[in-house]
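Keep the structure open while reading.

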Amino acid sequence: MGQVIQMFSHPVITLDDYPHVDAIADQFYQKSLGLMTEYPDAGLISDAWHSGKRAGNTDDFIKHGFTSYYSENLVKRTDFAFMNKAAMEVFAQYLRVVGKADSGMRLESAWASVYGRGHFIPQHTHPLSHLSLVFYAAATEGTGRIIFENPAIAHFQHFYPPEICWMPYRFSVQPQKGLFIVFPSYLMHSTEPHESDNYRVIYSANVQLEFSKLTDADKQRMKFATQT
Ligand SMILES: [Fe+2]
């Protein structure tokens, strides 16, 4: 009896049963609307996103959508500690699932995005981070899926058109309120347009894993330090 080996995977986890997730979602929703007032010159998403265009006035948020990414790092805000703490616990869950529970990590950056009707995020990665997370504080019916591209696509799409290809080109996840998704930061992703009049509100965060390779000399120094 043989077996199919799914080798070289790029694990993504979703989690929808975080404790008190509804209350966290509602609190983050309200705080995110507050950020839109606090930073009227914040960044824009949708077709204004790749150019890094900033809002001239709050009407631009209605046209393109809002991101706090350029205005403030929410990791540094104590009033967002409730959200950052939940994110770190979900990141830790990812590391447990992939068998790296002992890895240290540092929450590098976090931000809020608010989508109105028709808004989306074009394809991108999260450079210089190891793991990334999104949390949907609001995502009603009509909101678009998040689409992850197969990172090996450049190696096979030229020779395997979709009709004969058994390697998936992409994988999509349907957002819903209270859902966390954790993924390796190098995975290219984008979102379909948000087709709803209710806001879609997202918390995003990046972590870096802590790692430094000990040389023999480092180990000697540590040994010496513990002996003195
Ligand atoms: Fe992203």
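**Sheet briefing**

Strands β1 and β8 (residues 180-184) pair in the antiparallel sense, over three bridges. Within this pairing, I13 has V182 in β8 as its bridge partner. The model is predicted.

**Sheet order**
- Seven strands make up an open sheet, and the pairing is antiparallel.
- The order runs β1-β8-β5-β10-β4-β3-β2.
- At the edges stand β1 (13-15) and β2 (43-44).
- Each edge strand has a single partner strand, so one side of each lacks a neighbour in the sheet.

**Helix on the sheet**
- Helix α1 (residues 21-38) packs on the sheet.
- Helix α1 touches β3 (66-67), β4, β5 and β10.
- The direction of α1 makes about 95 degrees with that of β5.

**Strand β10 and its partners**
- Strand β10 covers residues 200-210, and eight of its eleven residues are buried.
- Strand β10 is therefore largely enclosed by the rest of the structure.
- In the sheet order, β10 sits between β5 and β4.
- Strand β4 (residues 104-115) pairs with β10 in the antiparallel sense over eleven bridges.

**Reading the faces**
- In a regular strand, side chains alternate between the two faces of the sheet.

Definitions and conventions
Residues numbered from 1 in each chain as written. Predicted model: local features only at pLDDT ≥ 70, side-chain atom pairs only at ≥ 80, totals over all residues. Buried ≥ 20, exposed ≤ 12 C-beta atoms within 10 Å, placed from the backbone. Helix = DSSP H or I, 4+ residues; strand = E, 2+ residues; numbered from the N terminus. Pairing = 2+ DSSP bridges. Contact = placed C-beta atoms within 7 Å. Axes fitted to C-alpha atoms, helices over the stretch in contact; angles between N-to-C directions.
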